[in-house]
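Trainee: I would like to learn how to read a model of this kind. Where should we begin?
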Amino acid sequence: MLAIETSCDETAAAVIGDDGRTLLSSVVDTQVAAHQPYGGVVPEIAGRRHVVSIRPVVERALAEAGVTLDDIGGIAVTNGPGLVGSLLVGVNFAKALAWSRNLPLVGVHHIEGHMLAPLLDAPDEDVFPAVALIVSGGHTSLFHARAFGRYTRLGRTLDDAAGEAFDKVARLIGLGYPGGPAVQKAAEGGDPRAFAFPRPTLEKGHLDFSFSGLKTAVLTVVRELGAEKAADRRADLAASFQQAVVDVLVGKTLAALEQTGAKRVILSGGVAANGPLRTRFRLEGEARGFAVLIPPMRFCTDNAAMIGVAGARRLAAGLRDPSDLDADSALPLVEEVQCA
Ligand code: KG4
Ligand code: ZN
């Protein structure tokens, strides 16, 4: 299976073996440097760069897997959610290739890809049923994933995604884009108890998230300190902010596990690359007897390997999409997807 992912600012292609799990190649061409001067992803630039990169990225994925198009049995592509101009590049490329080679085409929901990413590391395990926390620049949601294709959303962010909060706070404390890795690095020498930032929504009985209050709390402290002192205290600010986010994400996920009775927990999405979050998730989950599934870091951030694994499952379940498959920037996942 050849898989293509272009939902945001990475042009990615991967080849998955006949068993639907073995990864033969995964190529990710990141556009981070192109968006850096703007402090965030510029949709027009992203779309244009995908157009330039898509063909060489697919060719590299085939070459690194040691295969040609003649060996490919199906094409999977992310068809939403994401930036529509970016999604369209991958979807149209995949459609044209599937049509010209007479290959089955499967559209994959980006979040379903993130959920299945742990399979790339532990191919003998299954990931469902589970509670899944998907945390990235665009999403922060908790799902009860009963089986492949059967997902109930338990909670979502009411304002910013966790990754967005990392990106915005990074800017507030004078760090670059993308903010997540920069905040994690800055936090290394800092005291996570230095500032008592709020743990928004943690004490409330629901499973929704909210990060804009936390961001405002950081802004208030930065203003009170003034530019010079805030720069001196950057490590403490980063560590205290990161700790608040980790506390909320871990606390809500444990509540979701209790509520659903699930025995497995999946952590995935770009923010799942965060070291302290991974460590806490593993420690707290395993101490309570849960199987904790976290993909290796390179499969947490956007990639096509996860889309290939999800696409191969769809194909094996007899699902395929027509040649008029469209990109949908707000593609729904919950309840609407019902596989065997
Ligand atoms: O999944 P992803 O690559 O793209 C989306 O689907 O959004 O996630 C990107 C997000 C960015 O907001 C980035 O700051 C965040 O993931 N991120 C991190 C780390 N690495 C990436 N956040 C916290 N700590 C990290 N180490
Ligand atoms: Zn993503």
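Mentor: Begin with exposure: buried means under 20% relative accessible area, exposed means over 50%, and partly exposed lies in between. The model here is predicted. With a relative accessible area of 24%, Arg199 is therefore partly exposed.

Trainee: Which residue does Arg199 meet in a salt bridge?

Mentor: The test is a side-chain nitrogen of Lys or Arg within 4 Å of a carboxyl oxygen of Asp or Glu. Arg199 and Asp247 pass it, with N to O at 2.9 Å. Asp247 has a relative accessible area of 17%, so this residue is buried.

Trainee: Which parts of the chain does the pair tie together?

Mentor: Arg199 sits in the loop between helix 6 (179–187) and helix 7 (212–225), whereas Asp247 belongs to helix 9 (residues 234–260); the pair therefore ties together parts that are 48 residues apart in sequence.

Trainee: How many salt bridges does the structure hold?

Mentor: The structure holds 15 salt bridges. One of them joins the side chains of Arg233 and Asp236, at 3.2 Å from N to O. Arg233 counts as partly exposed at 30% relative accessibility, while Asp236 is buried at 17%.

Trainee: How should I read a salt bridge inside one helix?

Mentor: An α-helix has 3.6 residues a turn, so residues three or four places apart point the same way. Here the case is Arg282 with Glu286, whose closest N and O atoms are 3.9 Å apart. The two are 4 residues apart in helix 10 (residues 275–287), so about one helical turn separates them. Arg282 is partly exposed, with a relative accessible area of 32%, and Glu286 is also partly exposed, at 46%. Separately, salt bridges with shared partners join Arg199, Asp247, Arg280, Glu284 and Arg288 into one network.

Trainee: What should helix 11 span, and how far apart are its end C-alpha atoms?

Mentor: At 1.5 Å a residue, the 12 residues of helix 11 (residues 305–316) should span 16 Å. The end C-alpha atoms of helix 11 are 17 Å apart, which agrees.

Trainee: Is helix 11 largely enclosed or largely open?

Mentor: Count the buried residues: 10 of the 12 in helix 11 are buried, so the helix is largely enclosed by the rest of the structure. Among them are Met306, Ile307, Val309 and Leu315. The cover over the buried residues includes strand 1 (2–5), strand 2 (10–16), strand 3 (23–30) and helix 4 (110–116). After helix 11 comes Gly318, with a positive phi near 85 degrees.

Trainee: Which residues are the protein donors of the zinc ion (ligand 2)?

Mentor: A donor is an N, O or S atom within 2.8 Å of this metal; water is not among the atoms, so the site may look incomplete. The protein donors of the zinc ion (ligand 2) are His110 (NE2), His114 (NE2) and Asp302 (OD), 2.1 to 2.2 Å from the ion. Along the chain, their spacing reads H-x3-H-x187-D. His110 in helix 4 and Asp302 in the loop between strand 10 (291–293) and helix 11 are 192 residues apart, so the pair links distant parts of the chain. His110 counts as buried at 3% relative accessibility, and Asp302 counts as buried at 15%.

Trainee: How is the protein divided into domains?

Mentor: Domain 1 covers 2–110 + 301–316, and domain 2 covers 122–294. Their C-alpha centres lie 27 Å apart.

Trainee: How do I read the interface of two domains?

Mentor: The size of an interface is often given as the accessible area lost when the parts come together. Domain 1 and domain 2 bury about 1,000 Å² between them, 58% of it on carbon and sulfur atoms. Of the area that domain 1 buries against domain 2, Arg21, Gly39 and Arg313 supply 48%, more than any other three residues. In terms of contacts, 14 residues of domain 1 touch 12 residues of domain 2.

Trainee: How many salt bridges does the rule find across the interface of domain 1 and domain 2?

Mentor: The rule finds 1 there. Arg313 also forms a salt bridge with Asp126, with the closest N and O atoms 2.8 Å apart.

Methods: Residues are numbered from 1 along each chain as its sequence is written. Chains are lettered from A and ligands numbered from 1 in the order in which they are written. This is a predicted model: local features need pLDDT of at least 70, side-chain atom pairs count only at pLDDT 80 or more; totals for chains, interfaces and linings use all residues. Side-chain values use heavy atoms; hydrogens and water are left out. The expected span of a helix is 1.5 Å times one less than its number of residues. Buried means under 20% relative accessible area, exposed over 50%, partly exposed in between (1.4 Å probe, protein chains only). Contact means heavy atoms within 4.5 Å. Donors are N, O and S atoms within 2.8 Å of the metal (3.2 Å for Na, K and Ca); water is not among the atoms, so sites may look incomplete. Domain bounds come from an automatic or database domain assignment. Buried area is the accessible area (1.4 Å probe) that two parts lose on being put together, summed over both.
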